[in-house]
Amino acid sequence: MSLVESRYKTELQNWLGTDVNINFFWKGRVALYAILKALGIKPGDEVILPGFTCIVVPNVIIYLGAKPVYVDINEKTFNIDESKIEAKITSRTKVILAQNTFGQSANLNAIMNIALRHNLFVVEDCAHGFGGKYAGQPNGTIAHAAFFSTQWSKPFSTGIGGIAVTKNQMLGEKITAIHDIAAAPSFKEINILKALIGAHRHFLNPVTYSLLIKIYRVLSRLNLVIGSSKNEELEGTVLPENFLKKMSITQMKEGIRALQKLKSRIRHRQLISKKYDEMLSEFQYEPCLQTPIAEHSFLRYPLLVADKNLFLKETARRNIECGDWFISPIHPVVTDFKKWFYTPGENPIAEKICSKIVNLPTHEKIEAKYINRLSKLFKELNARGIK
């Protein structure tokens with residue numbers, strides 16, 4: 001282990017605990033793949049997950065020959081509805097994925113009890129949730145294992161990146177063995193990533209967001225930059241070549257720097273979210289629900305609007321940063337759902353939420369000026385009778 005990797009692990013253990021086994025991967029989805037593989041997921045198995053997720057999560061399940069089984073969400077927290085999980089459990093079920101949606105933990109006490117009754121594993125999908133807590137414990141340390149994403153928009157970023165964690169020694173050894181045979185990123189990949197990290201740091205802000213995201217997505221589709229998802233991941237369910245890949249030293253160095261600023265950044269996210277609460281209440285919007293048992297880290301601030309397409313159009317026209325997560329229960333899939341074992345109509349609450357939900361930024365570049373511009377937009381929409 002290099003000195004950089006050792007220091008990165010130490011910084012993470014300061015957040016998660018010294019008893020946590022940690023392995024680093026190229027992306028969060030690769031960390032999930034390593035965890036499920038270490039758990040012995042194989043063809044014919046089933047993995048339960050919320051029907052309000054990103055395509056890369058069911059992809060990983062399918063790469064291992066297993067079947068994703070979707071459960072509807074709670075319409076207030078946007079997390080998996082634990083009361084609907086048991087109806088989806090079969091003799092083939094092996095794992096429940098508990099997602100921290102937008103940074104708020106799922107109801108892990110209930111989910112862990114369900115898993116105990118049925119002899120299942122629980123894996124926390126903490127792609128959104130680093131820095132949050134559940135019942136006073138850090139997200140990612142309660143279930144049998146967890147994975148984090150350190151992709152661009154996450155609570156702390158390494159450009160792209162993934163972390164697999166577990167407190168189970170035997171499982172940790174299996175994940176480490178998988179990590180050790182993973183490929184190293186290429187020289188080209190590392191240098192493209194360095195350039196993207198610099199561009200993200202210096203040029204991305206609430207005004208340039210819409211334009212730069214469009215350019216980034218186009219370049220990603222053309223495979224000219226290291227995108228969050230490659231074309232093969234968006235279009236198919238076959239394990240991509242060189243998918244199992246380690247994290248680079250460049251990412252680890254970036255992670256060390258980012259973790260040292262994380263406490264203040266989470267406080268900032270929570271403060272911005274309170275300001276959103278106040279502003280939205282003024283315009284009779286329902287503020288984001290925070291459950292008493294979970295400390296929300298607010299990767300993004302979710303908001304339900306009457307006309308999602310109009311709202312996104314108006315924010316883009318004014319260069320106001322705003323996200324569209326999720327446009328479907330398997331974001332960003334909008335057709336050919338059978339490929340991912342999803343049947344339209346099976347999760348009615350999630351599908352309704354997808355038609356109305358947008359998300360507001362909470363990162364460190366969001367300040368009073370942005371909120372004032374957003375407030376002006378709400379006033380204009382209200383004047384037009386649009387909510």
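Good morning. A residue is called buried when its relative accessible area is under 20%, exposed when that area is over 50%, and partly exposed in between, using a 1.4 Å probe and protein chains only. By that rule phenylalanine 102 is buried, because its relative accessible area is 0%.

Two remarks on the basis of this talk. The model is predicted, so local features need pLDDT of at least 70 and side-chain atom pairs count only at pLDDT 80 or more, while totals for chains, interfaces and linings use all residues. Residues are numbered from 1 along each chain as its sequence is written, and side-chain values use heavy atoms, leaving out hydrogens and water.

Let us turn to the aromatic rings. Rings of Phe, Tyr and Trp (its six-membered ring) form a pair if their centres lie within 6.5 Å; planes under 30 degrees apart count as stacked, over 60 as edge-to-face, and the rest as tilted. The whole structure holds 19 aromatic pairs. How is the pair of phenylalanine 102 and tryptophan 325 arranged? The pair is stacked, because the ring centres are 6.3 Å apart and the planes lie at 25 degrees.

Finally, tyrosine 285 and phenylalanine 378 form an edge-to-face pair, with 5.0 Å between centres and 65 degrees between planes. Tyrosine 285 is buried at 6% relative accessibility, and phenylalanine 378 is buried at 0%.
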